[in-house]
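Good morning, colleagues. I would ask you to keep the structure on the screen in view while I speak.

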Amino acid sequence: MKKITIAIDGHSSCGKSTMAKDLARSIGYIYVDTGAMYRAVTLFALRQGMFGSDDTLDAEALERRMSDIHIRFRLNGQTALPETFLNDVCVENDIRTLEVSSRVSIIAALPFVRTTLVKQQQLMGKEKGIVMDGRDIGTTVFPDAELKVFVTADAEVRAQRRYLELKEKGMEADYETILRNVMERDYMDSHREVSPLRKADDAVELDNSHMTIEQQREWLLEQYRKAAAE
């Protein structure tokens with residue numbers, strides 16, 4: 001089979017990252033979680049005090065500091081899964097908090113942030129053999145990807161998944177707050193001026209509201225086999 005580029009886009013909390021990691025591991029491809037990159041920039045802005053008490057962002061201050069933000073992915077030797085490093089410090093758990101989730105769409109809407117990260121992402125995928133997930137992979141980052149998947153699910157289902165994920169990690173979580181966050185992010189991601197979330201014309205859609213992990217895995221592998229064989 002030929003080596004291809006796989007772009008997985010979709011709404012927040014659809015399980016895109018879990019799905020993409022699993023696929024990459026199964027077929028021996030490199031996995032890149034672009035959402036983690038935007039989350040890492042958000043975490044940096046939070047830690048540098050760039051968000052005001054009313055959640056307004058000092059975008060000019062962030063733009064001046066973009067060159068100080070270095071994001072890398074490294075494999076965890078025990079889990080064999082990639083972890084996000086911000087300036088050489090592992091922030092994999094820190095970027096998954098509700099504090100970051102509720103502000104990441106603000107960061108992701110900034111043209112200078114998207115331009116910087118899209119360039120990095122395109123360099124990562126230059127040699128193909130990569131699985132990348134996010135919001136604009138099939139439309140902006142890799143418009144020529146051989147396989148594009150658009151993932152969606154009911155907002156209530158996604159909020160419940162997020163709630164359980166946080167509880168399993170021992171973090172505080174409130175379902176209603178998470179549901180509001182999911183719906184707000186859907187709106188912001190779909191209506192932002194730069195690279196809004198949308199399904200690419202040639203993407204295959206997956207509604208995984210009522211699918212098991214195993215059903216998703218089999219469906220995705222089948223899509224990969226078709227695309228890699230063409």
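The crossing of α2 and α6 is right-handed. In this predicted model, the axes of α2 and α6 lie 11 Å apart and the packing angle is about 140 degrees. From α2, the contact draws on Thr34, Met37, Tyr38 and Val41. From α6, the partners are Val113, Arg114, Leu117, Val118, Gln120, Gln121 and Met124. Seven of the residues in the contact of α2 with α6 are nonpolar, three are polar and one is charged.

Let me turn to the cores. As a general remark, nonpolar side chains in soluble globular proteins tend to be buried together. Which members of the largest nonpolar core touch the most other members? They are Val41, Leu57, Leu62, Ile69, Ile71, Ile107 and Val113, in a core of 37 residues. At least two residues of this core come from each of α2 (34-47), α3 (59-65), α5 (104-108), α6 (111-124), β6 (130-134) and α7 (137-141). Helix α2 gives the largest share, nine residues. A second, separate core has 22 residues, including Ile27, Val149, Leu206 and Tyr224.

Ile71 deserves a separate word. With neighbours within four places in sequence left aside, Ile71 is in contact with Met37, Ala40, Val41, Thr84, Phe85, Leu86 and Leu117. Of these, Met37 and Val41 of α2 and Leu117 of α6 also take part in the contact between those two helices.

I come next to another pair of helices. Helix α8 spans residues 155-168 and helix α9 spans residues 175-191; their axes are 9 Å apart, at an angle of about 125 degrees. On the α8 side, the contact is made by Ala155, Glu156, Arg158, Ala159, Gln160, Arg162, Tyr163 and Leu166. On the α9 side, Tyr175, Ile178, Leu179, Val182, Met183 and Asp186 take part. By class, the contact of α8 with α9 contains nine nonpolar residues, one polar residue and four charged residues.

The next pair is α1 and α10. How do the axes of α1 and helix α10, residues 213-229, cross, and within what distance do they come? They come within 10 Å and cross at roughly 55 degrees. Helices α1 and α10 are therefore oblique to each other as well, and their crossing is right-handed. Met19, Asp22, Leu23, Ser26 and Ile27 in α1 meet Gln216, Arg217, Leu220, Leu221 and Tyr224 in α10. This contact divides into six nonpolar, two polar and two charged residues. Two of its residues, Ile27 and Tyr224, have already been named as members of the second core.

Cys14 sits in the loop between β1 (5-10) and α1 (16-27). Is Cys14 buried or exposed? Its relative accessible area is 1%, and the cut-off for a buried residue is under 20%, so Cys14 is buried. Beyond residues up to four places away in sequence, Cys14 touches Met19, Val151, Thr152, Ala153, Arg158, Arg161 and Asn208. Among these, Met19 belongs to the contact of α1 with α10, and Arg158 to the contact of α8 with α9.

Ser101 belongs to helix α4, residues 98-101. Ser101 counts as buried, at 1% relative accessibility. Its contacts, not counting residues up to four places away in sequence, are Arg39, Arg96, Arg162, Asn181 and Arg185.

Finally, two backbone angles. Most residues other than glycine have a negative phi. Asp88, which is not a glycine, has a positive phi near 70 degrees. Asp88 is in the loop between β4 (82-86) and β5 (89-90), and it counts as exposed at 58% relative accessibility. Lys128 is also not a glycine, and its phi is positive, about 65 degrees. Lys128 lies in the loop between α6 and β6, and at 35% relative accessibility it counts as partly exposed.

Thank you for your attention.

Methods: Residues are numbered from 1 along each chain as its sequence is written. This is a predicted model: local features need pLDDT of at least 70, side-chain atom pairs count only at pLDDT 80 or more; totals for chains, interfaces and linings use all residues. Side-chain values use heavy atoms; hydrogens and water are left out. A nonpolar core is a set of buried Ala, Val, Leu, Ile, Met, Phe, Trp, Tyr and Cys residues joined through side-chain atoms within 4.5 Å. Buried means under 20% relative accessible area, exposed over 50%, partly exposed in between (1.4 Å probe, protein chains only). Helices (H or I, at least four residues) and strands (E, at least two) are DSSP runs, numbered from the N terminus. Contact means heavy atoms within 4.5 Å. Axes are lines fitted to C-alpha atoms, for helices over the stretch in contact, and angles run from 0 to 180 degrees between N-to-C directions. A crossing is left-handed if the near helix is turned anticlockwise from the far one by less than a right angle, and right-handed if clockwise. Ala, Val, Leu, Ile, Met, Phe, Trp, Tyr, Cys and Pro count as nonpolar, Asp, Glu, Lys and Arg as charged, and the others, Gly among them, as polar. Angles under 35 degrees count as roughly parallel, over 145 as roughly antiparallel, 65 to 115 as roughly perpendicular and the rest as oblique.
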